[in-house]
Amino acid sequence: MMINDAIVWLIAIPLLASLLSLVFPKKGTAIAIAGSILGLLASVALVYQVYQSGPITHELGGWKDGLGIVLRVDAMSALFIVMTMLVVTMVGFYASAYFTDAHKKAQFWPLWLMMVVALIALLASGDLFNLYVTLELLGLSAVGLTALSDNRAAVQAAIRYLGIGLLGSLVFLMGVALIYTAYGVLDLAMLATVVEAEPAAQLALALMTAGLLIKSALFPMHFWLPAAHANAPAPVSAALSALVVKVSVYLIIRLWFDVFSPVLQPTASFMLGVLGALAVVWGSWQALRAERLKLMAAYSTVAQLGYLFIFIPLVMAFPVGEERNTALAAFLLLALTHAFAKSALFLSSGVVLQRAGHDRIAELGGTARALPLTIFVIALAGVALIGLPPSGSFLGKWYLISSAVQTGQWWWIVVIAMGSLLAAGYMFRILGHAFGPDESIGKVMAKGSEEIPALILALTATVVLGFGSAWMWDFVNLASPLAGN
Amino acid sequence: MNDWLLLSFDILILFILLGLAWLTCNTKEIKRGVTLFVAFGLLLAVIWARLKAPDLALAEAIIGAGISGALLLKAMRDYTEQTSLSSETSRFYVWGINAASLALFVLLAWGLWHALERSDGVRLAENVLITTPESGVSHPVTAVLLNFRAYDTLLELAVVFTAVLVVLAMGTKQRDFGKGEPILIAMVRWLAPILIVTSGYLLWVGAHAPGGAFQAGAMLAAAFILMSMTGVRVDSMLNDSSMRWLLVIGIGVFTITGIVMLLINGHFLAYSKELAKMLILLIEAAATLSIAAALTLAYLGGMPKPQQKTQSAVKIDKTEEGTS
């Protein structure tokens, strides 16, 4: 019974852990780690369950026919959930060593666990209004976590992040209200059966997409991201870049292809692809020019999210069926690889920042000798971000290019090539400085609890997803509503 | 005749509302802006009442006008010297925002027009009205909030909880207000107990009439906020540890009930029918406490500081002036 209700436990466990960590601040770390590990196990059980028996639904309150709220998990959400739990668990281990101030640590855990609740609840939600609530919860907890940094810039970035987040949610809510007025339903599956290509639904979809674009920092709405992600504490930056912006992209894909497919316009999807392409070029270029390690990682996120948007016009060009599912699986692979690689990169940047006292790229000389494992992790993350074999993003980009050829949209290939070259540029620039002769960093040591989680994440991105992702293609085909199950 | 009178009343308050909104956005002085905003909230509450949404009217009056007003006043007191509204924002920027808002308004109006045109077929609201008798309560709004879509309410409580965590993360408790005028203190002494009793009433009637946990919790918080505003040392009644328990009890009871129901009935938050009314009341009572604690803490701006144990706790502190 416990296994069958894994999705409920995945929400209830971090929720209760968040409450407990507030009531017992001194035991916060133990509570959070225990909660994360239980959640990680539940997420593996969930993937197994979906793999065995296809998409699952859980009617909350036992109400049917759209009266209550339904949790729905298919291949895409199951994989995003397991990705979330793995990143959260590893970053949690890192955070327990990162925060030295007991007071800060006590403030961190309740917010952190609430962010986990919001992420899982968003990924599992099958209800339009409920999605809005999860977006609010996610935005608010992310703002609180950003503000936990000591410096003034972080608090300013957090306040701006709050404003942007609220704007995004509000625009999303307007779309929800329009849909409810026109169709009188909130359940996504029910909505998918009644929605038609008419002005109210088109405007609603446009509003919801706009809200999510702001939250997912697609070019040119990316302006808030670098400041927030670069100034937050390292574990928070890792989660923001790897997970928080990404679930907005997930939601766009979910709404576009599962719910609003009758409403879609090829022009709109092409425009999203163009914005994605601009994000790839602009983000990579800014990352190449960035003077600080964390700022570089933040701009790299802008670029990497761009790739995910290029998938939208490509997925749309395929008819519903196996080909579309293959493109979707490639999208998932790229998103997962980026999540693991970017969180590893941010954790390593945090180690460098704490040990060297700064993260100015030009002054990183000698880091490779002082922190060999950390620099190795940065290199591994670089392999995945550039898209070199054997990383998961190599396969993801390979399919991206081949579907661009298949659908005759060759111009995306130019963008992908440019992005990969620029990514190679900014990653090798860091490694070049880190292996430089300068001794400015001196003799420092990093704790295993800081370096091992980052290593596990980086290895997942490069080796596990590269060699062990074959089953994902079947999985998406078997357990996706797009397959017509 | 009566209809005609009501219609002209509606049109009148609608125009006043728009006027207040315009003034709130365009006033140069912060204090006037806040006052106008509170008036705007109260008028909006009247409009909700006219739209036959008394639950919303209550919530808007207590939270939208009352608590938000208090929060704004407190924030204004601390920052009013440094900040003045729209001093550095350029004219171009302001008109850009105005133009964008106007465009959004036109778009929304156009979308709403089309949405209203096709609003027929099976609708959720009708389904709710039919099923309400099975929910354990007879008030449909409470049936939706605490039974049909209880999970939404659980997550909304989590949003309130998180908002307080953010407040706690951003800083420590702000300076209290000084002791108020004697007449004001006397009035609050009368008002605070009434607010507390009304809060209990709102919680209880929620089962069959407008009311419920959010309104009751906000009312309870309003009692504390009023006391704090007149210089009563509220934080001496509350210590750090009890505040933490109060903050979590709402979500805690809600989630544990949900899990117990999952184990018994196979669905999260699926109440057993004969227990539904009692469980809803239990959850609402716990949620009321948490909401009150959350709003009070948000107003105070941080956890109450540990107090010297020697001081008498509950009485109005006459020896100390209001600086903490």
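Let me start with the annotation. An unreviewed UniProt entry labels residues 125-422 of chain A "domain: NADH:quinone oxidoreductase/Mrp antiporter transmembrane". UniProt positions follow the numbering used here, feature names are shortened, and such annotations may be inferred rather than shown by experiment.

A word on the model. It is predicted; local features need pLDDT of at least 70, side-chain atom pairs count only at pLDDT 80 or more, and totals for chains, interfaces and linings use all residues. Residues are numbered from 1 along each chain as its sequence is written, while chains are lettered from A and ligands numbered from 1 in the order in which they are written.

Back to that span. Residues 125-422 of chain A are 80% helix and 0% strand. Their end C-alpha atoms lie 37 Å apart. Helices here are DSSP runs of H or I with at least four residues, strands are runs of E with at least two, and both are numbered from the N terminus.

Now chain A as a whole. Chain A has 19 helices and two strands. Its C-alpha atoms fill a box of roughly 65 × 55 × 40 Å along the principal axes.

Burial next. In chain A, 65% of the 485 residues are buried. Buried means 20 or more other C-beta atoms within 10 Å of the residue's own; exposed means 12 or fewer, partly exposed is in between, and C-beta atoms are placed from the backbone.

How does chain A divide? The domain assignment gives domain 1 (1-264) and domain 2 (274-479). Such bounds come from an automatic or database assignment. The C-alpha centres of domain 1 and domain 2 of chain A are 22 Å apart. Across that boundary, 39 residues of domain 1 of chain A are in contact with 45 residues of domain 2 of chain A. Contact means C-beta atoms, placed from the backbone, within 7 Å. On the domain 1 side, α3(A) gives the most, with 13 residues. That side divides into 30 nonpolar, seven polar and two charged residues. Nonpolar covers Ala, Val, Leu, Ile, Met, Phe, Trp, Tyr, Cys and Pro; charged covers Asp, Glu, Lys and Arg; the others, Gly among them, are polar.

On to chain B. Chain B has eleven helices and zero strands. Of its 324 residues, 36% count as buried. Among contacts in chain B between residues at least 6 apart in sequence, 75% join residues at least 24 apart. The domain assignment gives chain B domain 1 (1-85), domain 2 (92-117) and domain 3 (139-324). The C-alpha centres of domain 1 and domain 2 of chain B lie 21 Å apart.

One helix to look at: α9(B), residues 213-229. In α9(B), 16 of the 17 residues are buried. Gly231(B) follows α9(B), with a positive phi near 95°.

Last, where the chains meet. The contact takes 49 residues from chain A and 49 residues from chain B. On the chain A side, α5(A) gives the most, with ten residues. The chain A side holds 32 nonpolar, twelve polar and five charged residues.

How values were computed: Two residues are in contact if their C-beta atoms, placed from the backbone, lie within 7 Å.
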